[in-house]
Amino acid sequence: MQSLGEAIANALGLLLGGDPELWEIVAISFRVSVTAMLVATPFALLVAFALAHFTFPGRKLLVTLFSSLLSVPAVVVGLTFYLLLSRQGPLGDWKLLFTQSAMVIGQIALAFPILVAMSHSAFHALDRRAWETARTLGAGPLRATLTLMREIRFGLFAALFAAFGRIIAEVGASMMLGGNILHYTRNIPTAIALETSKGEFAQGIALGIVLLSLTFSVTALLQHLQQRRMIGR
Amino acid sequence: MSQALFRFIDVRKSFGRRPLLRGADIELVAGRCALLVGRNGSGKSTLLRIMASLEPPDRASVDFGGGPLPWRRCRGYLQRHILYLHQQPYLFDGDVRYNLGYALKGGRDKRALVDAALRWGGLEALAGAPARSLSGGERQRLALARAWLRRPAVMLLDEPTANMDGEARHATLELLRALREEGYALLIASHDQHHFGDLFDARMALREGRVAQCADEPPAIAAVGR
């Protein structure tokens, strides 16, 4: 087992030396999580908008449901989709288990409630006059909706970043649905879990640094944009 | 008497068990300004919002000159031709120029039209200012200039001079006068008629959910007798 100092030095070496295995793991993580976000976001925004804008039976129940799903453990999501996608499961014929597609499905299920709940809060908090002003100035429903999204863009960015942060760092669903196969479904969190269990900390620390750098950059960018907006007011 | 652009007939609206509008009738005439007075909570804003198609009535008909049609069938037409201005105008997150440009669908002469609206509203010096940094009077002028760019047939104004000092009110009234002279039909809802001087051609009152013509005013825009 390496000492902490040794492990950090080796981690920096892997990062700066452009270790192909490490960067391949990073690339798989991003490919899976970005795909999940691209699929989930448009539908989640539509659902959030509908929940905030329309009144229909069961609306409050749906809002409560999405809020409750925020705290569902990733491993439970992984287990659910494992049972659905396994050979004996109802979706077994799709042969998706232990593929990147299965990981994308699991991550969509994790990201969707976050996107809906946070976007719904942002839409709900927006002044009703914004929609009415857009409509009375001649905007059709689509343009008015896009206008609302522009008005609450920082709330929506926060929802996107929160959802992305959750799925790129989750272990449970990726491990169960992807199987942690090297060069194929091994992503940052499953690699960290594996390397740590083997007592090999260097790659885990290097991948941890990538995740932390990403989180820091995204938060700094969001804060910078918000500050620019405050100055512009 | 000029021909009515829109005639709203038997507008009814309840909130829960409380009836607010109990068969209000009102008509709008081009180039005329009507003042709708009534105490707070009498339903003025709700009536205006129904006319602008922002809120559905329980029941209402609209006559464009060819006989009454159900409100729901006219909704799109009303939305295209009637513009509603909130008591506190909502300004989009952006500068004054962006807010004015929102009323236009695009086109090559968009910039020139926005420049014209800046001049019309006396907002040239504020063109690049964040809209939400404007004072109450400037906000109302921007909202009116934006409405002017939209060029609807009718503008419905909900307490357009509320919470304004004398100077800002004077500037707003000048713009309203200009709109009337350009041929727009204006309907102003207010709880206080004294703010509007001689701007209006007719005065109506909303009482107990119905619109009544005030006897001392010419029937240029009239509540329809029922």
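In which helix do B:Glu174 and B:Arg177 both lie, and how many residues apart are they? In this predicted model, both residues belong to helix 6 of chain B, which spans residues 166-181, and they sit three residues apart, about one turn of the helix. Their side chains form a salt bridge in which the closest N and O atoms are 3.8 Å apart. B:Glu174 is partly exposed, with a relative accessibility of 37%.

Helix 6 of chain B also takes part in a second pairing, this time with a loop. B:Arg180 and B:Asp201 meet in a salt bridge, with 3.5 Å from N to O. This pair links distant parts of the chain: B:Arg180 is in helix 6, while B:Asp201 is in the loop between strand 8 (185-190) and strand 9 of chain B, 21 residues apart. B:Arg180 has a relative accessible area of 17% and is therefore buried, the cut-off being under 20%.

Further along chain B, B:Glu208 lies in the loop between strand 9 (202-207) and strand 10 (210-213). Its phi is near 50°, a positive value in a residue other than glycine. Most residues other than glycine have a negative phi. B:Glu208 counts as exposed, at 68% relative accessibility.

Turning to chain A, the secondary structure consists of eleven helices and zero strands. Its C-alpha atoms fill a box of roughly 65 × 50 × 25 Å along the principal axes, and buried residues account for 42% of its 233 residues. Helix 3 (residues 59-69) and helix 5 (residues 100-125) of chain A have axes that come within 8 Å and cross at roughly 125°. Helix 3 of chain A is therefore oblique to helix 5 of chain A, and the crossing is left-handed.

The surface of chain A carries a nonpolar patch of about 510 Å², made by A:Leu79, A:Tyr82, A:Leu83, A:Phe98, A:Ile181 and A:Tyr184. Of these residues, A:Leu79 is found in helix 4 (residues 74-85) and is partly exposed, with a relative accessible area of 41%. A:His183 lies in the loop between helix 9 (172-178) and helix 10 (188-197) of chain A, and its phi is near 70°, again a positive value in a residue other than glycine.

In chain A, A:Arg129 pairs with A:Asp127, the closest N and O atoms being 2.6 Å apart. Both partners are partly exposed, A:Arg129 at 22% relative accessibility and A:Asp127 at 30%. Residues of both chains come together in a network of salt bridges that links A:Arg128, A:Glu132, B:Arg49 and B:Glu55.

Technical notes: Residues are numbered from 1 along each chain as its sequence is written. Chains are lettered from A and ligands numbered from 1 in the order in which they are written. This is a predicted model: local features need pLDDT of at least 70, side-chain atom pairs count only at pLDDT 80 or more; totals for chains, interfaces and linings use all residues. Side-chain values use heavy atoms; hydrogens and water are left out. Patches are made of residues with over 30% relative accessible area and no salt bridge: like charges are joined within 9 Å, nonpolar side chains (Val, Leu, Ile, Met, Phe, Trp, Tyr) within 5 Å. Accessible areas come from the Shrake-Rupley method with a 1.4 Å probe; for residues, only the protein chains shown count as cover. A salt bridge is a side-chain nitrogen of Lys or Arg within 4 Å of a carboxyl oxygen of Asp or Glu. Helices (H or I, at least four residues) and strands (E, at least two) are DSSP runs, numbered from the N terminus. Buried means under 20% relative accessible area, exposed over 50%, partly exposed in between (1.4 Å probe, protein chains only). Axes are lines fitted to C-alpha atoms, for helices over the stretch in contact, and angles run from 0 to 180 degrees between N-to-C directions. Angles under 35 degrees count as roughly parallel, over 145 as roughly antiparallel, 65 to 115 as roughly perpendicular and the rest as oblique. A crossing is left-handed if the near helix is turned anticlockwise from the far one by less than a right angle, and right-handed if clockwise.
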